[in-house]
Amino acid sequence: MLKHTTYQSIYNNPSVNPSINEAIATPWLKKVQSFVPGPALIKLILAALIILVGCTGVVRVFAGTSDDVRLEKNVIVQQGDTLWGIASAHKPEDMDIRAYIMAVKKYNDLTSSEIQAGEVLALPQY
């Protein structure tokens, strides 16, 4: 058993000085509370948070990125067509043809690069 200890509880010692964060936060909080009572302050903070989250969601809905894909163009595969040939004819200029072929395979649920004449391929448009 211990006879002597240097342990001091931080909870039972009222002489401990408040930290710097508490010293800075307390005057600011008191100023805000002098203008707005406690329950109204909580409601105000919740309303601001809801508005902020709501506006962020609305902006995100209307903001488009270059990664957005629209399926607009359908191509009917002709005799002798290859996926490479179709992709090279319809891909964006700044895109790697292999990446475009992967996108075509993904959007058409193709497991291989084999296509048959008469198939309809949906080509992603960026």
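# Helix packing and loops in a predicted model

Trainee: In this predicted model, what share of the contacts with a separation of 6 or more comes from residues 24 or more positions apart?

Mentor: The model is predicted. A contact here requires heavy atoms within 4.5 Å. Among the contacts in the protein with a separation of 6 or more, the share from residues 24 or more positions apart is 62%.

Trainee: In what order do the elements run from the N terminus on?

Mentor: The protein has four helices and two strands. Read from the N terminus, their order is α-α-β-α-α-β.

Trainee: At what angle do α3 and α4 pack, and how is that arrangement classed?

Mentor: Helix α3 covers residues 83-90 and helix α4 covers residues 97-107. Their axes lie 9 Å apart, at an angle of about 110 degrees. Angles from 65 to 115 degrees fall in one class, so α3 is roughly perpendicular to α4.

Trainee: Which residues of α3 and α4 make the contact, and how do they divide by type?

Mentor: From α3 the contact takes Leu83, Trp84, Ala87, Ser88 and His90. From α4 it takes Ile97, Arg98, Tyr100, Ile101, Val104 and Lys105. By type, the residues of this contact are seven nonpolar, two polar and two charged.

Trainee: Which residues of α4 are buried, and what do they pack against?

Mentor: Buried means under 20% relative accessible area. In α4 that holds for Ile97, Tyr100, Ile101, Ala103, Val104 and Lys105. The buried residues of α4 pack against α3 and β2 (120-125).

Trainee: Which element gives the largest share of the largest nonpolar core?

Mentor: This core has 14 residues, and Leu83, Ile86, Tyr100, Ile115, Leu121 and Leu123 touch the most other members. The elements that contribute two or more residues to this core are α3, α4 and β2. The largest share, four residues, comes from α4.

Trainee: What percentage of the protein's residues is buried?

Mentor: In soluble globular proteins, nonpolar side chains tend to be buried together. The protein has 126 residues, and the buried part of them is 18%.

Trainee: How far apart are the C-alpha atoms of Glu114 and Thr82?

Mentor: Glu114 is placed in the loop between α4 and β2. Its relative accessible area is 62%, so Glu114 is exposed. Glu114 and Thr82 are 32 residues apart along the chain, and their C-alpha atoms are separated by 7.6 Å.

Trainee: What separates the C-alpha atoms of Ser112 and Leu83?

Mentor: Ser112 is in the loop between α4 and β2. At 31% relative accessibility, Ser112 is partly exposed. Ser112 and Leu83 are 29 residues apart along the chain, and the separation of their C-alpha atoms is 9.9 Å.

Trainee: How far is the C-alpha atom of Gln78 from that of Gln116?

Mentor: Gln78 sits in the loop between β1 (70-76) and α3. Its relative accessible area of 48% makes Gln78 partly exposed. Along the chain Gln78 and Gln116 are 38 residues apart, whereas their C-alpha atoms are separated by 7.9 Å.

Trainee: Leaving aside neighbours within four places in sequence, which residues does Asp81 contact?

Mentor: Asp81 is found in the loop between β1 and α3, and at 30% relative accessibility Asp81 counts as partly exposed. The C-alpha atoms of Asp81 and Gln116, 35 residues apart along the chain, are separated by 8.3 Å. With the neighbours within four places left aside, Asp81 is in contact with Ile76, Ile86 and Ile115.

Key:
Residues are numbered from 1 along each chain as its sequence is written. This is a predicted model: local features need pLDDT of at least 70, side-chain atom pairs count only at pLDDT 80 or more; totals for chains, interfaces and linings use all residues. Side-chain values use heavy atoms; hydrogens and water are left out. Axes are lines fitted to C-alpha atoms, for helices over the stretch in contact, and angles run from 0 to 180 degrees between N-to-C directions. Angles under 35 degrees count as roughly parallel, over 145 as roughly antiparallel, 65 to 115 as roughly perpendicular and the rest as oblique. Ala, Val, Leu, Ile, Met, Phe, Trp, Tyr, Cys and Pro count as nonpolar, Asp, Glu, Lys and Arg as charged, and the others, Gly among them, as polar. Buried means under 20% relative accessible area, exposed over 50%, partly exposed in between (1.4 Å probe, protein chains only). A nonpolar core is a set of buried Ala, Val, Leu, Ile, Met, Phe, Trp, Tyr and Cys residues joined through side-chain atoms within 4.5 Å.
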